[in-house]
Every structure is written in structure tokens, then in C-alpha cells.
Amino acid sequence: MNKVLPKLGKFFTTFVLCQSVGIIGAGFTAPMIDSWYNLLNKPWFTPPSWLFGPVWTLLYFLMGVSLYIIWTEVKPSKKRTQAMKLFFAQLGANLLWSLMFFGLQSPLLGFITIVAMWVLIALTKHAFMKLNKLAGWLLLPYLLWVSFATVLNTAILALN
């Protein structure tokens, strides 16, 4: 029991941290969906707006589990510290993208941010894979979705 409570606390912390980024980002996103975003020219492969919420909720959950594994299953080391710093950097870039694209209504700033975010996610996944394979693999859906989102952001930028 002594080991269970701290692990539950860490799981709760990683879950709340990642979901909070999604909730804060949604604060920039949601008000713009029915106004500014709907007025943009979008490519034929744009998913319906209702799909983004469930996908991001799942991705933030997987990110939280991945971080939890690194935090609890990997012994403290310089490599673990670096990997966690990368994780927090990509998480910050994730939030920044919502601000740039939706908050500032700028597909260009969104594009610049999402490219940096993609690089940070790829670096984080690579660093996590070296420490714990499962933690690394849990970031693959996120990397794939952001790859698609980068193409979508690029297309919106080109069309507008």
C-alpha cells in the first residue's frame, strides 16, 4: 500500500497535467470553430470538427501514461531528466500552437509552431524509446496525428 499511493498520485499528476494543456488549448480553439475557423478555406481531407475533441482527449491520456511510465519505471538519471525536459517542451509547444493558430488566428504562426512541435515530439519519442519501449510507443499515435495536423495546417496556410 505504501508504494501504491505515491504511484497513484504521480499518475493523477501526469493525467491532470496533460489534460489541462488540452483544456487550456480548447479555450483558444472552441470560440473560433464556429466563427473564424469556419470561414477559412480548408482542404478536402479536413476531418469534421467534432472529431478533434475525442482524438485529442485520447492523445493527452496516452501522453500522460507515457510520462507516468518514464517518471515511475525509469531510475533517475541524466537521460531521464533530458527526456522529461523534452516532454515538457513539446507539451508547451502543443499549447502554444492553439494560441498561435486559433488565439491569434494565424495559420502562418501555427505552421511555424507545429513544425517545432513535431520535431520536439519526435525527439521525445526517441528519448523515451531508449528508456522504456512502451512509453515511446505510446507517443506514436500523437506523432502520427501531429504529422497529419502539420499537413492540414500547411494546406490551410496555402489556401488562405
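Predicted model: local features only at pLDDT ≥ 70, side-chain atom pairs only at ≥ 80, totals over all residues.
Hi everyone, thanks for coming.

Let's start with the open space. How much space lies in the largest pocket? About 600 Å³. The lining is made up of 29 residues, and the closest to the centre are Thr 29, Phe 52, Trp 56, Trp 97 and Phe 102.

While we're on helices, have a look at Ser 98, which sits in α3. Is Ser 98 buried or exposed? Its relative accessible area is 8%, under the 20% cut-off, so Ser 98 counts as buried. And what does Ser 98 touch, once we set aside neighbours within four places in sequence? Its contacts are Gly 25, Phe 28, Thr 29 and Gly 103. You'll remember Thr 29 as one of the residues closest to the pocket centre.

Now to the packing. The largest nonpolar core has 41 residues, and those with the most contacts inside it are Trp 56, Met 63, Phe 101, Met 117, Phe 128 and Tyr 142. The helices that give two or more residues to this core are α1, α2, α3, α4 and α6. Here α2 supplies the largest share, eleven residues. Trp 56 turns up again, then: we met it close to the centre of the pocket, and here it is among the core residues with the most contacts.

Next, charges. Side chains of opposite charge can pair when their charged atoms come close. How many salt bridges are there in this model? The count comes to one. Its partners are Lys 7 and Glu 73, with 3.0 Å from N to O. This pair links distant parts of the chain, as Lys 7 is in α1 and Glu 73 is in α2, 66 residues apart. Both ends are partly exposed: Lys 7 has a relative accessible area of 33%, and Glu 73 has 48%.

Val 119 is in α4 and is partly exposed at 39% relative accessibility. Its C-alpha is separated by 9.3 Å from that of Leu 143, 24 residues apart along the chain. Then there's Ser 147 in α6, partly exposed at 26%. Ser 147 and Trp 118 are 29 residues apart in sequence, but 7.0 Å apart in space, C-alpha to C-alpha.

Last stop: a backbone detail. Most residues other than glycine have a negative phi. Gln 105, however, has a phi near 50°, a positive value. Where does Gln 105 lie? In the loop between α3 (78-103) and α4 (107-131). Gln 105 is partly exposed, at 38% relative accessibility.

That's my tour. Happy to take questions!

Key
Residues numbered from 1 in each chain as written. Heavy atoms only, no water. Helix = DSSP H or I, 4+ residues; strand = E, 2+ residues; numbered from the N terminus. Buried < 20%, exposed > 50% of the residue type's maximum accessible area, 1.4 Å probe, protein only. 1 Å grid on protein atoms, 1.4 Å probe; cavity = no way out; pocket = protein on both sides within 12 Å on 5 of 7 lines; lining within 4 Å. Points joined across faces, edges and corners; volume = space filled by probe spheres on them. Contact = heavy atoms within 4.5 Å. Core = buried A, V, L, I, M, F, W, Y, C linked by side-chain atoms within 4.5 Å. Salt bridge = Lys/Arg side-chain N within 4 Å of Asp/Glu carboxyl O.
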